[in-house]
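Please go through this structure with me in questions and answers.

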Amino acid sequence: MKREELEALGMAKEQIDKVLDMHHEELDPVQKDLETAQADLTAEKTKTATQETTIKDLKKDLEEFKDADVSGMKQKIEDLEKDIKTKDETHQQEIADRDFNDLLKESIASANGKNAKAITALLDVDVLKASKNQKEDIAAAIKTLTEAEDSKMLFGEPEPKPAGKVDLIGGVKKTSDEGVSSLMDALKEKYKQ
């Protein structure tokens with residue numbers, strides 16, 4: 001309803017104003033509800049379009065796995081988990097072996113062992129590795145070897161290394177501060193003056 005239409009009917013200005021006010025009182029709330037409903041409809045259409053796109057993308061992704069062997073993948077995952085567990089166990093065993101070998105070398109060195117390989121060969125390494133208190137058991141086993149007649153020669157102070165100069169033929173010559181060691185050296189000393 002427009003003002004011009006009411007004027008064409010011959011209504012007075014005051015009557016037109018009252019009719020339009022009554023018309024707006026009824027129409028404005030309905031208009032607001034309509035606008036809100038249209039905004040909600042637009043939002044829902046956008047939401048629906050987004051969901052349809054997502055569904056299409058998911059269907060496309062599912063198509064890629066359509067021919068996938070799920071049981072084969074499960075088996076592969078189980079195999080990989082077993083491999084990881086095996087590698088972890090192997091790594092832990094390597095660390096334990098390294099620690100045991102270091103402890104064994106330290107114990108042999110502290111007992112003045114001359115040949116670590118020979119001493120290790122005489123020990124029951126498997127029993128010592130399985131021991132709960134390796135340090136004490138290794139020390140006891142080495143002490144037993146130091147006291148045994150057939151193995152005590154493997155322990156003690158290392159033999160001194162010859163000091164002096166080496167000539168090309170392979171003999172060791174004493175230096176002048178080490179004294180006289182041969183007849184030739186004695187004669188050189190005597191006739192030096």
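Q: Is Asp99 buried, partly exposed or exposed?
A: The model is predicted: local features need pLDDT of at least 70, side-chain atom pairs count only at pLDDT 80 or more, and totals for chains, interfaces and linings use all residues. Residues are numbered from 1 along each chain as its sequence is written, and side-chain values use heavy atoms, with hydrogens and water left out. Buried means under 20% relative accessible area, exposed means over 50%, and partly exposed lies in between (1.4 Å probe, protein chains only). Asp99 has 39% relative accessibility, so Asp99 counts as partly exposed.

Q: Which residue forms a salt bridge with Asp99?
A: A salt bridge is a side-chain nitrogen of Lys or Arg within 4 Å of a carboxyl oxygen of Asp or Glu. For Asp99 the closest N and O atoms of the pair are 3.0 Å apart.

Q: How many salt bridges does the structure hold?
A: Side chains of opposite charge can pair when their charged atoms come close. The structure holds three.

Q: Which residue forms a salt bridge with Asp97?
A: The closest N and O atoms of this pair are 3.4 Å apart. Asp97 lies in helix H3 and the partner in helix H5 (residues 125-130), so the pair ties together parts that are 32 residues apart in sequence. The partner is Lys129.

Q: Which residues form a negative surface patch?
A: Patches are made of residues with over 30% relative accessible area and no salt bridge; like charges are joined within 9 Å, and nonpolar side chains (Val, Leu, Ile, Met, Phe, Trp, Tyr) within 5 Å. Lys and Arg count as positive and Asp and Glu as negative, while His and the chain ends are not counted; the place of a charge is NZ of Lys, CZ of Arg, CG of Asp or CD of Glu. One member, Asp28, lies in helix H2 and is partly exposed at 38% relative accessibility. The patch is formed by Asp21, Glu25, Glu26 and Asp28.

Q: What accessible area do Leu183, Leu187 and Tyr191 have together?
A: These residues form a nonpolar patch on the surface. Leu187 is in helix H7 (residues 183-190) and is partly exposed, with a relative accessible area of 40%. Accessible areas come from the Shrake-Rupley method with a 1.4 Å probe, and for residues only the protein chains shown count as cover. Together the patch has about 380 Å².

Q: Which residues does Ser107 touch, not counting residues up to four places away in sequence?
A: Ser107 is found in helix H3 (residues 70-110) and counts as buried at 12% relative accessibility. Contact means heavy atoms within 4.5 Å. Ser107 touches Ile138 and Ile142.

Q: How far apart in space are Leu145 and Ile119, C-alpha to C-alpha?
A: Leu145 is in helix H6 (residues 134-147) and counts as buried at 12% relative accessibility. Leaving aside neighbours within four places in sequence, its contacts include Ile119, Leu122 and Phe155. Leu145 and Ile119 are 26 residues apart in sequence, and their C-alpha atoms are 8.1 Å apart.

Q: Near what value is phi of Asn112?
A: Most residues other than glycine have a negative phi. Asn112 is in the loop between H3 and helix H4 (116-122) and has a positive phi. The value is near 60 degrees.

Methods
Helix = DSSP H or I, 4+ residues; strand = E, 2+ residues; numbered from the N terminus.
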